[in-house]
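Have a look at the structure first.

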Amino acid sequence: MARLSIQEKLAILSDAAKYDASCASSGSSKRHSRDGNSLGSTEGIGICHAYAPDGRCISLLKILMTNFCIYDCVYCINRVSSNVQRARFTVEEIVWLTVEFYRRNYIEGLFLSSGIIKSPDDTMADIVRIARILREEHGFKGYIHLKTIPDAAPELIEEAGRLADRISINVELPTDQSVAQLAPEKNPATIRSAMGHVRENIEASKEKTLVKKRRKKFAPAGQSTQLIVGADDSNDAAILDNSSRLYGNYKLRRVYYSAFSPIPDSSHILPLIKPPLIREHRLYQADWLMRFYGFSAPEISGVSDDGMLDLEVDPKLAWALANRHAFPVNVNRAGKQTLLRVPGFGTRTVGRILAVRRYRTVHYDDLVRMGANLRNAKPFIFVPDWSPGHMTDSENLRARFAPPAQQLQLL
Amino acid sequence: MIYLVQIEQPGLFGKWRDNARSLLGADVHPDNIIWKGTSSTGELFDSVTAPPPKMPDAELRVPKAFLSLANSVICHNDPQRFGMLYALLWKIRSAPAKLGDVSDPLVSQLRVMEKTVRRDCHKMKAFVRFREIDPLPPCDGTEHNQTRRRFGAWFEPDHYIAERTAPFFARRFGDMDWIIATPQQIVHFEGGKLRHEPGGERPDFGTDATDDLWRTYFTHIFNPARLKVKAMQSEMPKKYWKNLPEAALIPGMIAGAEERLRKMRAAEPTVAPARAAKVKAINRQRADKA
Ligand code: SF4
């Protein structure tokens, strides 16, 4: 095989990385290089340096170290049984690309994952070495996200955590059965124990020691995971249940949902219909409701009989439509938790309502100014100068919001 | 008496603040001041005006929120901004609560200007692209650390924000020397020191071979199965495209997306490479042992 140039490798190994949804670079500790001897900074909020025509933010150099892989996960373009062209970066090449891209202000940092070569430990050791050279030899203070291989030795995962801003371990699929079926070499129990281990390390790093000094940093931007939606037949109820367990048990910062995307040279086991992107979007909205609005997974997915989120209206509106007995809500009296459940009221709107209410009555126009989406909220609230009358219970309320039915796309 | 105040770059905020302090100290009503920025023209009033009073010791306390508002608004390209900020200062002197009253037309106008400037700054931090000036010989795997490497960028923001964003770039690119040139202002960072001068024509920073690698990355990280052109354009408005090395590729990427998908669908399933069976057998053995 002819030697590939760095440009050819970059093409192959960014192609291979694009199915990972996460590109976040926010929420880490603050650092800078004003001392003149180092490079890079993180200031809390990550920056999107470009947007691809798929609408996704490009904030990190997101690449695979190699797309050679000894595993055979059917949904993955890199599985051993695929005929995709293979490439492998050297450790030095990745370090060089990261630093040079960073210096030109293309990126916030590096998001590195890899196919598994030789053994999980060998692969993980190389990943860690890249992060170590960046930090120690180049004084690199930009953002580093390392995708961790769950079967790798705990010492390696620990070192990864000390060097990186974020650690992620993908759970890949919503249920253990699906993992067994579609990612036969992966072991859900190992994945969970690795996540538990990372959680312990993160928590230990936050505890103050006796001398009141912070312990050594460990993944200050936390731990995340990704799962693929639509490659198996799990319904949204199962997915959200799984996420709520992940948030609860492993204190994950984020769960990413990636709509199964048709891949070149795909396996015949996979569904032929491309799941609508809107399903992924609804899952993110539902996820948001669980994290910031006090909804439980069963409440959200219990709205429908088949455990699937409504694709036509957002999950909060769907919940309100199914729970009309709880509405309309008195905006000037209702508690915070109740207000948060009103469609069209975001956390910020609710905060503003509570603030204003302390010294005067809230009227309809105030809500407009506070940024509420009144098209959605109107049927579910009353204020002194607005009452929905029988709108709340009207038969055709749903029709006001649902756009004309949309057909699934055939792949 | 009409006072004429000229605010020159760099250091717009400091110069405006010093003048505003003196004028307020001398109780000069906003209507009696003509504020002029570098870009304003017309010498119409010069014959009837006087230079602003000097009151170096004047002390002035303002709410913190005013400072952050003024620091942003001063970067706006509206020539009226100096006078508007002074008018607000005049108002809040007797009624500090005015600052939070968005139903006041002046306050709400200034808030909008503040937002605009903030967004412009944010986009500048995102879309400045450095090119290396006189690069050292290309990659042999090690970085050349002997001297500070030099980079230059040309960026066209809507407002006077190069000075305001400079500390961000200094914190981020601490070990390099760089220039960021904009039509309004130019920032130099040399040996760890920031220096500002008024803007000008686009300097020639040459080309940078790494831009090709970045373009390669940009095209390949894009997933043609998820075209969302509107989402992209609202975040990366076309006005920035001309200085982004990757942007020229976008139309072609959009046009080619359908075709790439069609090919992917049409492709016959392939037979797994011979290696696959062997590797999988080894994996199974390992799993059984474990
Ligand atoms: S382990 Fe599975 S998901 Fe990861 S690269 Fe290999 S085949 Fe793909």
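## Ground rules

Helices (H or I, at least four residues) and strands (E, at least two) are DSSP runs, counted off from the N terminus. This is a predicted model, with local features needing pLDDT of at least 70 and side-chain atom pairs counting only at pLDDT 80 or more, while totals for chains, interfaces and linings use all residues. Residues are numbered from 1 along each chain as its sequence is written, chains are lettered from A and ligands numbered from 1 in the order in which they are written, and side-chain values use heavy atoms, leaving out hydrogens and water.

## The pocket

The largest pocket comes out at about 1100 Å³. For the record, a pocket is an open set of points on a 1 Å grid over the protein atoms alone, where a 1.4 Å probe fits and protein lies on both sides within 12 Å along at least five of seven lines; lining residues have an atom within 4 Å of a point. The volume is the space filled by probe spheres set on those points, which are joined across faces, edges and corners.

There are 35 lining residues, and A:Ala21, A:Cys23, A:Cys57, A:Arg254 and A:Tyr256 are the closest to the centre. H8(A) has the largest share, with seven.

## Where the chains meet

Going by contact (heavy atoms within 4.5 Å), 65 residues of chain B touch 70 of chain A. Together the chains bury about 6000 Å², 56% of it on carbon and sulfur atoms; that is accessible area (1.4 Å probe) lost on being put together, summed over both. On chain B's side, B:Arg172, B:Tyr217 and B:Arg226 lose the most area, together 14% of what that side buries.

## Salt bridges

What joins the side chains of A:Glu108 and B:Arg172? They meet in a salt bridge, at 2.5 Å from N to O. The rule asks for a side-chain nitrogen of Lys or Arg within 4 Å of a carboxyl oxygen of Asp or Glu. Seven such bridges run between chain B and chain A, and the count over all chains is 44.

Within chain A, the side chains of A:Glu203 and A:Arg199 also form one, at 2.9 Å from N to O. These two sit four residues apart in helix H6 (residues 188–206) of chain A, so about one helical turn separates them.

Methods: Buried area = accessible area lost by both parts, 1.4 Å probe.
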